[in-house]
Amino acid sequence: MPGLYYEEFEVGETIEHDRRRTISEADNQQFCDTTMNQQPLHLDAAFAAETQFGERLVNGLYTMSLAVGITIPETTDGTIVANLSYDDVEHPNPVFHGDTIRVQSTITDKRETSDSERGVVTMRVEVFAVNREDEPLVCEFERTVLSLKRENAA
């Protein structure tokens, strides 16, 4: 499924992404290994048991990266020129092994580039742990992209 061209984004629209993902211990371990992040709060069960969380936390950057990946089919798949920024990143609640996340994107701003050939789109991405009773917000951030306009797509 192709993403949206600049003209198709509507400010104020919220896109509920259908794909969900249950995060495993292996996912977290592999991400930490790949990024060389050996924080014991993510990897050491004995260490994490002594923290306020009582267990290991999923790496927040993995949660954010996974959220971006989940959003791509309905937002920028094949229609993006570049990711311009990720801003105002927050992790208000932890993510644990076994949590299933869902993601939604709300279009907060859009404008044409100075040459009017492309557009800049900003969206607020929110991530929720759906397996928990109150579906807490576990990550949120703004993602700004440079998008193709349909009329200029090759």
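Guide: Lys and Arg count as positive and Asp and Glu as negative, with His and the chain ends not counted. The place of a charge is NZ of Lys, CZ of Arg, CG of Asp or CD of Glu. This is a predicted model, where local features need pLDDT of at least 70, side-chain atom pairs count only at pLDDT 80 or more, and totals for chains, interfaces and linings use all residues. Residues are numbered from 1 along each chain as its sequence is written, and side-chain values use heavy atoms, without hydrogens and water.

Visitor: How many positive and negative side chains does the chain have?

Guide: There are 13 positive and 29 negative side chains, and the centres of the two sets lie 4 Å apart.

Visitor: How many salt bridges are found in the whole structure?

Guide: A salt bridge is a side-chain nitrogen of Lys or Arg within 4 Å of a carboxyl oxygen of Asp or Glu. The search finds 8. One of them joins Arg132 and Asp99, at 2.5 Å from N to O. Arg132 lies in the loop between strands E5 (118-129) and E6 (137-148), and Asp99 in the loop between strands E3 (80-90) and E4 (100-112), so the pair ties together parts 33 residues apart in sequence. Strands (E, at least two residues) are DSSP runs, numbered from the N terminus.

Visitor: Is Asp99 buried or exposed?

Guide: Buried means under 20% relative accessible area, exposed over 50%, and partly exposed in between (1.4 Å probe, protein chains only). Asp99 is buried at 4%, while Arg132 is partly exposed at 21%.

Visitor: Which side chain meets Lys149 in a salt bridge?

Guide: That of Glu112, at 2.6 Å from N to O. Lys149 is buried at 5% relative accessibility.

How values were computed. Helix = DSSP H or I, 4+ residues; strand = E, 2+ residues; numbered from the N terminus.
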